[in-house]
Amino acid sequence: MSEAFDQVDELGPAKIIHVYEPSHHLKAILVVDNVACGPAIGGLRMAPDVSARECARLARAMTLKNAAAGLPHGGGKSVLFGDPKMPREQKEPLIRAFACALRGNDEYIFGPDMGTDETCMAWVQDELGGRAVGLPRDIGGIPLDELGATGWGLSSAVDAAMDYVDFALDGARLVIQGFGSVGIHAARFLTRKGAVVVAVADSRGAIYNPDGLDLDRLIELKSAGHGVNEYPHGEKLERDAVVGITSDIWIPAARPDVVHAGNVGQMDTRLVVQGANIPFTTEAELALHERGVLVIPDFIANAGGVICGAMEYRHLSQQAAFDAIDEKVSTNTAEVLKRSTEQKIPPRLAAEQMAGERVKRAMATRRWSIF
């Protein structure tokens, strides 16, 4: 069998499309994993080092995330090779060209992801006449990055997890790895509930103060285009040093596989709530589980963005979207942790069981199971 099918299993992927257009230096990939529950929603990620394998892993995470959230959507993901910080006059033609290349693939709905934003989704919407979520408010969108939909969901997951840890949220030491849109809003919502941010990291470095960091000042720095390591009242660290900072809650909100077999031994925390997609390797999660660290998996904890997108796609209100995020994320986190405790299995395995059961029930109703 061709190596193109080496990664397939009973859930998918149903389709992998490679897009190449030399006149625009366009190289991109779409993976439609499984649409038994409905058309796939999945973000468009832009980075110079994306890959087909990463895209497929992220597409599977979206299949499970949408099913776990009880949404009538399957899972897909798209990646675009390029520097997300390129000038708009270069970035816009690339994204428009990719959208044009996917005309007719109505099983995939674009959303924003790392390296793209609501303006990028507006370009997609313009090219396709639909099939995009995370749009600007002016054209009917719910600006999930501006409002912090994913961060709001992470806060709901933390609330649900409090019944399974031995510390209180009020006064809990919080570390954010990846101080972008997701990380900033997660910190904002959790500090309102009494958590204390002691360390944050972005692509340029990290800053640590055991007595707490001024979140408003950090946000001001980021808004002005500075790195968090320019914050004046703390210890400046290398970007990856936050892995070893002592904390009660540790939130990864950046790239995949930031915690792996090589550095998981440095982790000193009690609760991990995954804001990024696939931020830990399987080996790292198992190692933490064996040490008694509670890890809430990505497709349970960070589903706020896709729930918001699904509500937007149905033209529901911002309030309805945030109510749905809170209800779905907190309920699913509680269900996963209940299964995990009763069956004495890692939370990710419990979450995959729960989501997989929902996908398979949908597949059983279809003539063609995954598409």
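Biologist: How many of the 13 residues of helix 5 are buried?

Modeller: Buried means under 20% relative accessible area, exposed over 50%, and partly exposed in between, with a 1.4 Å probe and protein chains only. Helices are DSSP runs of H or I with at least four residues, strands are runs of E with at least two, and both are numbered from the N terminus. Eleven of the 13 residues of helix 5 are buried, so the helix is largely enclosed by the rest of the structure. Among them are Gly151, Gly153, Leu154, Ala157 and Val158. The model is predicted: local features need pLDDT of at least 70 and side-chain atom pairs count only at pLDDT 80 or more, while totals for chains, interfaces and linings use all residues. Residues are numbered from 1 along each chain as its sequence is written, and side-chain values use heavy atoms, with hydrogens and water left out.

Biologist: Which aromatic pair is formed by tryptophan 152 and phenylalanine 189, edge-to-face or stacked?

Modeller: Rings of Phe, Tyr and Trp (its six-membered ring) pair if their centres lie within 6.5 Å; planes under 30 degrees apart count as stacked, over 60 as edge-to-face and the rest as tilted. The structure holds six aromatic pairs. Tryptophan 152 and phenylalanine 189 are edge-to-face, at 5.2 Å centre to centre and 70 degrees between the planes. Tryptophan 152 lies in helix 5 and phenylalanine 189 in helix 6, so this pair ties together parts 37 residues apart in sequence. Tryptophan 152 is partly exposed at 23% relative accessibility, whereas phenylalanine 189 is buried at 8%.

Biologist: How are the rings of tryptophan 152 and phenylalanine 322 arranged?

Modeller: Their centres are 6.0 Å apart and their planes stand at 35 degrees, so the pair is tilted. This pair links helix 5 with helix 11, where phenylalanine 322 lies, across 170 residues. Phenylalanine 322 is buried, with a relative accessible area of 13%.

Biologist: What is the strand order of the open sheet?

Modeller: Strands of a sheet pair through backbone hydrogen bonds, either parallel or antiparallel. Here two strands pair if DSSP finds at least two bridges between them. The open sheet has seven strands in the order 9-8-7-6-10-11-12, with mixed pairing. Strand 9 (235-237) and strand 12 (294-296) stand at the edges with a single partner strand each, so one side of each is left without a neighbour in the sheet. Five bridges join strand 6 (residues 173-177) to strand 7 (residues 196-202), and these two run parallel. Valine 175 has alanine 199 in strand 7 as its bridge partner.

Biologist: Which residues have the most contacts inside the largest nonpolar core?

Modeller: A nonpolar core is a set of buried Ala, Val, Leu, Ile, Met, Phe, Trp, Tyr and Cys residues joined through side-chain atoms within 4.5 Å. The largest has 73 residues, and those with the most contacts inside it are Ile249, Ile251, Leu271, Val273 and Ile307. A second, separate core of 26 residues includes Leu44, Met86, Ile95 and Phe98.

Biologist: What does valine 336 contact beyond its neighbours within four places in sequence?

Modeller: Contact means heavy atoms within 4.5 Å. Valine 336 is in contact with Ile300, Pro347, Ala350, Ala351 and Met354, leaving those neighbours aside. Valine 336 is found in helix 11 (residues 318-343) and is buried, with a relative accessible area of 1%.
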